[in-house]
Amino acid sequence: MSMGNKNKWWRNAVVYQIYPKSFQDSDGDGIGDIPGIISRLDYLKKLGIDAIWLSPVYRSPQDDNGYDISDYQDIEPMFGTMEDMEQLFAEAKKRGIRIMMDLVLNHTSDEHRWFLEAKKSKDNPYHDYYVWRDGEEGVYPNDMNSVFGGPAWEWVPELGQYYFHQFSVKQPDLNWENPKVRQECCDIVDFWADLGVDGFRCDVLDFISKDFANNKMNDGPRLHEYVKQLFGREKVKHLFTVGECQSDTESICSICGKDRDELKSVFQFEHIGLGRSDKYTPAPYSASQIKDVLVKWQNFTAEHDLLYILFTDNHDQPYFISRLGNDKELRYECATAYAGMFYLLKGIPFIYQGQEFGSANSRYEDIDSFNDVETVNYYRENCDKKPHDALIDEINYGSRDNTRRPIAWTKEKPTRGFTSGTPWLKMPSRAEEINLEADKSAYKSIIGFYKKILALRKSSDVIKYGNFKDLTQGDDCFVFEREKNGEKIIVAVNFEKANSLKLPSCLTGENFELLLCNYDEKDDFAPDFAPYEIRVYHKR
Ligand code: NOJ
């Protein structure tokens, strides 16, 4: 039975991602925690969000900051207790905020009970929960590398076998071919569904079915069968499930298509890949390429009746305005223009913590100021190969720690309202200039603009559900229309250089009014646009 649209709360929701370690500390240990999150719920409500995606808070040795789980049904003590979690559910519910948890089922921690058992012997009942290959020390089963550097195989001398780890050596991949593993994963989903979770962001979900025959780790032959088993069950069909999948047009249709009983949506990363030749190396790009990607996906998702996730930032990427915008002299203009450009499109906005007040990348000169396992491995692998300064530049550019540094809530030095202790990771290097308190009181307030955008979405069925049409003429700008039952909103965004835009001829004071903009306008309909200027018009 398919759900009616009225039960699909996510169709008009705005989701906010919390990276718990860096959000808000409540007990002075320098690490963000669940009571800290609870203390910020009123702030989030006022911002205008409807749901939280909580990065992992499960019990974990924290090799990959919680994406290495050692107990899926318990809370990591540094974040709090199960009671804290239940209180978070209750307090969020009181405020009408839904909770989505992060579901990491491709791998566990090597400290998970299953893996500790699996390592004991080949005939241990848990051995086949993981992916093993017989072999010889030093002769890898194949040449596959881990995402975090080095071979994807780790030798266990006691067994004379390698285990497979797509990520860090402390994150062994689960063997989804084993029906017992699939049942355990369903039980985890049910456990949290029973506790009242409203949805899941599903970590590297397309990796769970592997295609070893072709040395290909994602989109394996049994992916759809597995995802359907996980989420197609009646008990959990009401959950909002968003997959982290490296998906192209075809695979998105097959995993999110109507009546597939698999996922409600996936993140699409094409725009995130722009402007770099690899994670640590910038490459030329133009903002028009971002526009082209957005137009492509707006049209494609409309044509196939799919839900599109609107996002610029998350905990795996440096800040979008730092990498694909201007976080220096045009930080306010760029952050607000991009907010309007993404969040007034058709889809479901996801906002990453700190993005709402224009947080930007940091600059640190030594590797000790970084924590991310991926960054540290990259540094180690390259420190004898590249000049030190160049390597440090690369890391500052591409490290995931850029978006993982603690939130600078206030002007107060040195820890900016994040903690009364010593932060687990250095505060953002620009925290003196970029903090929530300073932004709130600025004439050009980024959070002020975010609130207006989110309030506009909330009040407007045209923005939530209306059709999308690209009206762009000329370069270095994006002009689009949203329309529902004859009601129209037109959004005009200029990119980095001052520009004269070819606005649609209908856009005159007789027909339209200016609803929102990020500059003080002299003439609401003039074609001249300043750098990163955005204007939002509504048809009278
Ligand atoms: C994707 C997550 O977003 C990332 O942070 C993590 O390191 C890997 N998956 C492994 O779980």
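## Around histidine 112

Let's start in a loop: histidine 112 sits between strand 5 (98–103) and helix 4 (113–118), where helices (H or I, at least four residues) and strands (E, at least two) are DSSP runs numbered from the N terminus. This is a predicted model, in which local features need pLDDT of at least 70 and side-chain atom pairs count only at pLDDT 80 or more, while totals for chains, interfaces and linings use all residues. Residues are numbered from 1 along each chain as its sequence is written, and side-chain values use heavy atoms, with hydrogens and water left out.

Is histidine 112 buried or exposed? Histidine 112 is buried, at a relative accessible area of 5% (buried is under 20%, exposed over 50%, partly exposed in between, with a 1.4 Å probe and protein chains only). A polar atom of its side chain lies 2.9 Å from the backbone nitrogen of tryptophan 114. Beyond residues up to four places away in sequence, histidine 112 touches Ile69, Ser70, Asp71, Tyr72 and Tyr130; contact here is heavy atoms within 4.5 Å.

## Nonpolar cores

In soluble globular proteins, nonpolar side chains tend to be buried together. The largest nonpolar core here has 148 residues, and Trp192 and Phe350 touch the most other members. Such a core is a set of buried Ala, Val, Leu, Ile, Met, Phe, Trp, Tyr and Cys residues joined through side-chain atoms within 4.5 Å. Helix 10 is the element that gives this core the most, nine residues.

Setting aside neighbours within four places in sequence, the contacts of tryptophan 192 include Tyr58, Tyr72, Met82, Phe89 and Phe200. Another core of 13 residues lies apart from the largest one, with Val131, Phe164, Phe207 and Val373 among them.

## Cavities

How many cavities of 30 Å³ or more does a search of the whole structure find? The search finds eight. A cavity is a set of points, on a 1 Å grid over the protein atoms alone, where a 1.4 Å probe fits but cannot get out, and lining residues have an atom within 4 Å of a point. Points are joined across faces, edges and corners, and a volume is the space filled by probe spheres set on them.

The largest cavity has a volume of about 100 Å³. Of its 14 lining residues, Thr312, Asp313, Ile321, Gln355 and Tyr450 are the closest to its centre. Helix 10 supplies the largest share of this lining, five residues. The second largest cavity, of about 80 Å³, is lined by 13 residues, with Tyr319, Ser359, Pro406, Ala408 and Pro428 nearest its centre.

Definitions and conventions
On a 1 Å grid over the protein atoms alone, a cavity is a set of points where a 1.4 Å probe fits but cannot get out, and a pocket is an open set with protein on both sides within 12 Å along at least five of seven lines; lining residues have an atom within 4 Å of a point. A polar contact is a pair of N or O atoms within 3.5 Å; within protein, one must be able to donate a hydrogen and the other to accept it, and residues adjacent in sequence count only if both atoms are side-chain atoms.
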